[in-house]
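Here are my notes on the model you asked me to look over. Have it open while you read.

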Amino acid sequence: DVSSLASTNYIESSFGRVNGPSSAGAMGPMQFLPSTWQNNGNGGNINDPHAAILAAARYLVHYGAPYDMRTAIWHYNLDYNYVDAVESFARAYRAHPPWLDPMYYRNNIG
């Protein structure tokens, strides 16, 4: 769902502010490893937010989204603390959508 993608984008790159490469070699606003990007990027640019978010959605669907989001998110980053963080932000975004604005602006404007 959109709130999970927004949460992932926030956690992975602070809404695109940190595009890598990470210590593991992940790049772009959704922090894909180049090998994972090859399978999910559909020929797009790993640094393009639109292409990266669509690739993340495809990746999550491949692993069970939207019916089993917890498992899908776990496959995105093999860490249950990560899964809990994504789910926590997603719940907050769903409960109060305007909360996304201060999260975005606080992390992108200063």
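The points below go from the overall fold to the helices and then the loops.

1. Ground rules. This is a predicted model, in which local features need pLDDT of at least 70, side-chain atom pairs count only at pLDDT 80 or more, and totals for chains, interfaces and linings use all residues. Residues are numbered from 1 along each chain as its sequence is written, and side-chain values use heavy atoms, with hydrogens and water left out.

2. Overall make-up. The chain has six helices and zero strands, so the pattern along the sequence reads α-α-α-α-α-α (helices are DSSP runs of H or I with at least four residues, strands are runs of E with at least two, and numbering starts at the N terminus). Of the 110 residues, 38% count as buried. Here buried means under 20% relative accessible area, exposed means over 50%, and partly exposed is in between, with a 1.4 Å probe and protein chains only.

3. Helix α1. This helix covers residues 2–13. Its twelve residues reach 16 Å from first C-alpha to last, close to the 16 Å expected at 1.5 Å a residue (the expected span is 1.5 Å times one less than the number of residues). Most of α1 is covered, with ten of the twelve residues buried. Among them are L5, A6, Y10 and E12.

4. Helix α5. Which residues of α5 are buried? They are Y82, V83, V86, E87, A90 and Y93. Looking down the axis of α5, these buried residues fall within an arc of 130 degrees, so they line one face of the helix (the arc is that of the directions from the helix axis to the C-beta atoms). On the face turned away from that buried side sit the exposed residues N81 and A95.

5. The start of α5. D79 caps the N-terminal end of α5, with a side-chain oxygen 2.7 Å from the backbone nitrogen of N81.

6. How α1 and α5 meet. Two packed helices are described by the angle between their axes and the distance between the axes. For α1 and α5, the angle is about 125 degrees and the axes are 8 Å apart. That makes α1 oblique to α5 (under 35 degrees counts as roughly parallel, over 145 as roughly antiparallel, 65 to 115 as roughly perpendicular, and the rest as oblique). The crossing of α1 past α5 is right-handed, meaning that the near helix is turned clockwise from the far one by less than a right angle.

7. Cis peptide bonds. Most residues other than glycine have a negative phi, and most peptide bonds are trans. Look at G20 and P21, which are joined by a cis bond with omega about 10 degrees; P21 is in the loop between α1 and α2. The bond from A65 to P66 is also cis, with omega near 0 degrees, and P66 lies in the loop between α3 and α4.

8. Positive phi in loops. Q31 has a positive phi near 50 degrees without being a glycine, and belongs to the loop between α1 and α2. Is Q31 buried or exposed? At 11% relative accessibility, Q31 counts as buried. N42, in the loop between α2 and α3, has a positive phi of about 50 degrees and is not a glycine either. N42 is exposed, with a relative accessible area of 62%.

Technical notes: A polar contact is a pair of N or O atoms within 3.5 Å; within protein, one must be able to donate a hydrogen and the other to accept it, and residues adjacent in sequence count only if both atoms are side-chain atoms. Axes are lines fitted to C-alpha atoms, for helices over the stretch in contact, and angles run from 0 to 180 degrees between N-to-C directions.
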